[in-house]
Structures are given as structure tokens and as C-alpha cells.
Amino acid sequence: MTAFTLPKWYDLHTHLRQDGLIAPIIRAHLNMACCGVVAMPNTKPPAAKIRKDDPLPYTSIEEYRELILRSGGDGFTDFIVPLYLTKDTTPQMIADGAKSGLLRAVKYYPPHGTTGADFSTALSGLIQSGVIKALEDHNILLCVHGEEHGMASEDYFSRSSNAEEYFYRERMPRLIEEFPKLRVVCEHITTKVAVDLVKKSGGGVVANITPQHLIYTVGHLLQGLKYHLYCLPLVKFAEDRQALRDAVLDPNNTKFFAGTDSAPHTVKATECGCAAGCFTAGIAPQLYAEAFEMAGADLSQSAQQKIFEKFLCHVGPDFYGLEKPKGTFTLVKEPQALAKTETPDGDITPLPLGLGQKTIPWSIKA
Ligand code: NCD
Ligand code: ZN
């Protein structure tokens, strides 16, 4: 039976939420040997100011950090809450936040483009207002949900292009050119266009990749309308998945790393649509191992285990400058049964269970 031991890892893009969800969700992260996270700021209201005493009607990073800590996050080695960029973000906020040490990263969402993106503002406005320049000047990371906002449905996902490809063809190259020292995390990339852009950019441009985008394609979502696989950016085509797989399997990978985009929803499908987000907290290293095998890796070989370790444990934390974790965990090729995660706000279905799979091939031992 294949088994290999890894250092604990950081989930560098996840959604911990609030209220009754946050404690069970953090527990799920700790159970999958996560020693820390980048906790996304699309809370209600969004974490779009830095300090509690700022009168703006948002959650502060300071408060959200405290909530995470008292909900079990004190078990993390480190965690980052990026500042949600809105029309109210100013260059002064960035400068002050950087000086205080509370601000380490910010998050750009395409306005109205995904769950909790209603407070966002267009990238062009953030460039004009000097916010992006302030990020570059103060060495604050820009985490980008790279999809064009407000596209006509015909163009959002068409035979020839889609919202992510448009963003990585039109917006991102210009952003990088105008701000060459800006450090950018291209979040949850899904297309070959995005992979190619990250590869050909300098060392300040990196990307995280989710398990679902390595495992599935849009056909898996559409065949039977498997709504648990509905997340944004959408799963794409086989060529795109191949580009993602090649990127993570490259022994010289220094740019592509784990970030699950685990996004819990107690209600996924409703009468008039579906909430975007796949829930993978608790089982992500197992799913990444499965994805590597599907991509052709032989995880019984130590050289290939090292490539996996680079992707899961080193590339991202090195870029973020995170503390090295102390503990280890072991991935074992032994089936694990799946169950819903129970929370006071309702049950959450892990992605494979939502697709009708009662077990996954890999399990974890602490
Ligand atoms: C995320 C969520 O539910 O918060 N959903 C998703 O489909 N990924 C938001 C996001 O990261 O886009
Ligand atoms: Zn996300």
C-alpha cells in the first residue's frame, strides 16, 4: 500500500465564513493537516477595512482575524486575511495597513462576478485611484479572481472564449506591464491561457489551482447537471485541464501551488439558480493526490512524491513568506468514506459525495 509523509501544508485560498459555519469549517481544515490558510474576505459584510475603529460599514481584518482565532484558528501556525478591495479602498489605507503589519494581501473580485462579490469595484478604478500603485510600493500581494465582469451571457462562456480567458488576455498582461514590481497571485486558474500567462511572467506572478479544476471538466458538470461541481471560475475543457496538470507535474515548478477555493454552502441549488462554490475542506490533500494520479503521476515513487510535496507544501508558502510548519502527516492509498459536515447552520456536502461518490481513494493519517 502506498503511503508517504509530508510536512503540514497551507491552504492558500479558502473560505471559512462566519456564524455557525466557521468553527466546523476550521476544524475540517485542521483535520486535513492544514497549518494555516489564506482566508477569503467575502464575508457578510466583506472584510474591506483594516481596523475596527474605521467607521466604514464593513467587517475589519482585525475583527475577522479575532473571529478566526476564537473559532479554532488559534490552532493554525499562521493565517492571512486579504483586504477586500472596494470603491472605498484608498492608497492611504494600503500604506497604513502595510505599516501596521495587519495588511499582507488584498483581494480583487470581479464586481458581481461570484459569491459575495457585490461590493467589489472594477480594476480600472483601482488603477486610477492609485490603490494598485500603493500595493506595488508597499509590497502587498494582490490576489486576483481573474474573470472579466459584466460580460454578455453569449461571451461569458462561448465556443471561442470565456470570462477567464478574456481577463488573462486583456487585463492581466496590461496590469503586469504597468506595475512590473507588483506581486500577483492568480487565484484558482482554470484555463491554458492563464497557465501560459503565469509561466511567461516574471517571478512575481504565481497561481493557485483547486482540486476540482485538476480532476474535472465542464462535461462533468453538465452531464446530469451536477450542481455540486458548480463553482467559479467554471470547470473548463480537457485541454485546459491538461495545461493545469502539466503545470503542477513539472519537476521545476516554482509558480503553481495548492489553494482549494473550498467554498461551503448549506444550500447549493435553489429554484432560480445555484450558489457557486465546491466544498473540499477536510479532504483536499486526498483529492490533490487523486488528481496527480489521474494526471499520470506515480505517487509510489519518491521523485514524484517530491513534485507533489512541492505543489502542496512549498511553492505557495515560499511565495507568501510563511513560517515553516512543525508537524507532518501521512497520505495513504486507502479508501476513505465521505460524510456531510454538520454545522449549526446546516449540513455541507463535500464535492465528491455531491457527485454520488461515497468514498475517495486516498486517506490521511495524522
Ligand atoms: C466562492 C464562495 O462561495 O465564496 N465561490 C466559488 O465558486 N469559488 C467565491 C469565489 O471564490 O469566487
Ligand atoms: Zn474563492
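**Labels and their cut-offs**

Analyst: A207 stands opposite F256 in β12. The model is predicted, so local features need pLDDT of at least 70 and side-chain atom pairs count only at pLDDT 80 or more, while totals for chains, interfaces and linings use all residues. Residues are numbered from 1 along each chain as its sequence is written, chains are lettered from A and ligands numbered from 1 in the order in which they are written, and side-chain values use heavy atoms, with hydrogens and water left out.

User: What makes β11 and β12 a pair?

Analyst: Pairing requires that DSSP finds at least two bridges between two strands. A strand is a DSSP run of E with at least two residues, and a helix a run of H or I with at least four, both numbered from the N terminus. Strand β11 (residues 205-209) and β12 share three bridges, in the parallel sense. They therefore count as a pair.

User: Why are β7 and β12 called edges?

Analyst: The open sheet runs β7-β8-β9-β10-β11-β12, with parallel pairing. β7 (83-84) and β12 (256-258) each have a single partner strand, so one side of each is left without a neighbour in the sheet.

User: Which residues does a cis peptide bond join, with omega about -5°?

Analyst: L232 and P233. P233 is in the loop between α10 (218-222) and α11 (238-249).

User: How do you know that F308 is in contact with L331?

Analyst: Contact means heavy atoms within 4.5 Å. Leaving aside neighbours within four places in sequence, F308 meets that test with several residues, including F4, Y288, F292 and L331.

User: What makes a void a cavity, and how many have 30 Å³ or more?

Analyst: On a 1 Å grid over the protein atoms alone, a cavity is a set of points where a 1.4 Å probe fits but cannot get out; lining residues have an atom within 4 Å of a point. Four cavities reach 30 Å³ or more.

Notes:
1 Å grid on protein atoms, 1.4 Å probe; cavity = no way out; pocket = protein on both sides within 12 Å on 5 of 7 lines; lining within 4 Å. Points joined across faces, edges and corners; volume = space filled by probe spheres on them.
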